[in-house]
Amino acid sequence: MFPAKFEYAAPSTVEEALALLKQGNGDAKIIAGGHSLLPLMKLRLAQPKLLVDIGRITGLSYIRTEGGNVLVGALATYRDILQSPDVHRGAPVLAEAAHEVGDPQVRARGTLAGSLAHGDPAADMPAVVLALEASIHAVGPDGERDLPIDNFFVDMLTTLLGEHELITQVSIPVQSPGTGAAYLKFDQPASHYALAGACARITLADGTISQARIGVTGVGTKAYRPTAVEEALVGKAPTEDAIKQACQSAAEGIDVQGDIHASPDYRAHLARVLTRRAVVKAAERARG
Amino acid sequence: MTQVQTLAEPRSHSVAVTVNGTRYTRDVEPRQLLVYLLREQLGLTGTHVGCDTSQCGACTVLLNGTAVKSCTILAVQADGAEIKTIEGFADASGRLHPIQQAFWEEHGLQCGFCTPGMVIAIDQLLRDNPSPTDEEVRRGIEGNLCRCTGYQNIVKSALSASKKLSGQEPFEKPELQQAAAV
């Protein structure tokens, strides 16, 4: 199908975009790559009255390293991320995960900021930014603010981003020595959405795990950190057994989803397996 | 008599695109998808609509040199862009592009519905990675679904095309030249 009727505007500045959003009075949506929003609009699950296309705003597709962080502009695509020396140096797992998103055509249009603003429960990037302790820079009618990632994903397709706000940048701390990260996913073969995906960032000190951050996607109504797993890992030597033990609770306390692609039991199982494998790989890389 | 209430029509937008080297200007509704601009307003029906879910890749075109799914782009988003569709791959004299020649020789198609999208996805792949492995080809066409072939000959076609493009093998398979000579 094609979308329901809407008005379209392509502002040239962030200020113009914000003004248009406000004018839309809750019925306007930002479009950048459009590879989450347009599929929904084509199924008429989303019917915004006004699309504000930020794709013509210059100066938002940068990726650079500054102040100990890799800064990713709102319009940087997954393809840009994959080709970025700054990402490969400072946050290599972001490139690893970007390579897993969708397919090559999708990666040429989709943006990291767009994925986070959209908050699909099976998208890859939310799990990655949770594990990497990213922060989101948003601008809105009340000014600019930095949103820490931990409570950003509230529910299915619901984030802390305000109705009239726009993400301009995602900031990821440069990976420190002694730290390794990995992203693994089990995808639905046609859409490539995650039936489960796990990103782990592990720091080793004196041969034991001193820090563990994990993001899991595809399993619940939003990407989440399995904090029980993280706590169980800290202080342990990264042996196969210790990791397997710790990852048993990867889906505990989560409203695990079932659909035609996977039952809740299977998703919970995938969560445990992928979390374990991601932690093992991240710990190997931390030893580096 | 019942009054029928109609929604106010959204403003139509003028879109200028250069497709296969020719510039066109058309008026579109904001909701018009690029694939329909190409097919219905420009008559370039080589680009196909195969699904409703942005999965199948039959709509793949080159937008400013990069392979994208034209069913998931609004015509208005493509204003000012350079587009290459499958119609732009054979040269002016009708000589096939090496990728098309490879599909012919390696039997890379049956019904042909996915083929334009496959050729363009492979064009992108080979520009990014001129000597891909079998696995890299399979990953490179992840955005393109085929219901007929089981992908084997599509992969063979891609690998053959990479050899033709790098000059390792001639444009036309020698065995075919000999067969034609008999």
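In this text a residue is called buried when its relative accessible area is under 20%, exposed when it is over 50%, and partly exposed in between (1.4 Å probe, protein chains only). Keep those words handy, as they return at several stops. What you see is a predicted model, in which local features need pLDDT of at least 70 and side-chain atom pairs count only at pLDDT 80 or more, while totals for chains, interfaces and linings use all residues. Residues are numbered from 1 along each chain as its sequence is written, chains are lettered from A and ligands numbered from 1 in the order in which they are written, and side-chain values use heavy atoms, with hydrogens and water left out.

Let us start where the two chains meet. Counting a contact as heavy atoms within 4.5 Å, 34 residues of chain B touch 34 residues of chain A. The size of an interface is often given as the accessible area lost when the parts come together. Here chain B and chain A bury about 3,000 Å² between them, and 54% of it lies on carbon and sulfur atoms; this buried area is what two parts lose in accessible area (1.4 Å probe) on being put together, summed over both. On the chain B side, Arg31(B), Asp52(B) and Gln77(B) lose the most area to chain A, together 24% of what that side buries.

Polar contacts also link the chains. Such a contact is a pair of N or O atoms within 3.5 Å; within protein, one must be able to donate a hydrogen and the other to accept it, and residues adjacent in sequence count only if both atoms are side-chain atoms. By this rule, 15 residue pairs are in polar contact across the interface, both residues being at pLDDT 80 or more. Which elements of chain B give two or more residues to the side that touches chain A? They are β3 (60–63), β4 (66–69), α3 (115–128) and α4 (134–140), where helices (H or I, at least four residues) and strands (E, at least two) are DSSP runs numbered from the N terminus. The largest share, four residues, comes from β4(B).

Now for charges. Side chains of opposite charge can pair when their charged atoms come close. A salt bridge here is a side-chain nitrogen of Lys or Arg within 4 Å of a carboxyl oxygen of Asp or Glu. The structure holds 21 of them over all chains, and four cross the interface of chain B and chain A.

One of these pairs is Lys5(A) with Glu9(B), whose closest N and O atoms are 2.7 Å apart. Lys5(A) sits in the segment before β1 (7–9) of chain A, and Glu9(B) in the segment before β1 (13–19) of chain B. Lys5(A) counts as partly exposed because its relative accessibility is 29%, whereas Glu9(B), at 52%, counts as exposed.

Asp103(A) and Lys69(B) also meet in a salt bridge, at 2.7 Å from N to O. This pair runs from the loop between α5 (92–98) and α6 (104–109) of chain A to strand β4 of chain B.

Our last stop lies within chain A. Glu230(A) and Arg225(A) form a salt bridge at 2.8 Å, N to O. Glu230(A) is buried at 6% relative accessibility, while Arg225(A), at 23%, is partly exposed. Through shared partners, salt bridges join Glu133(A), Asp150(A), Arg201(A), Arg213(A), Arg225(A) and Glu230(A) into one network.
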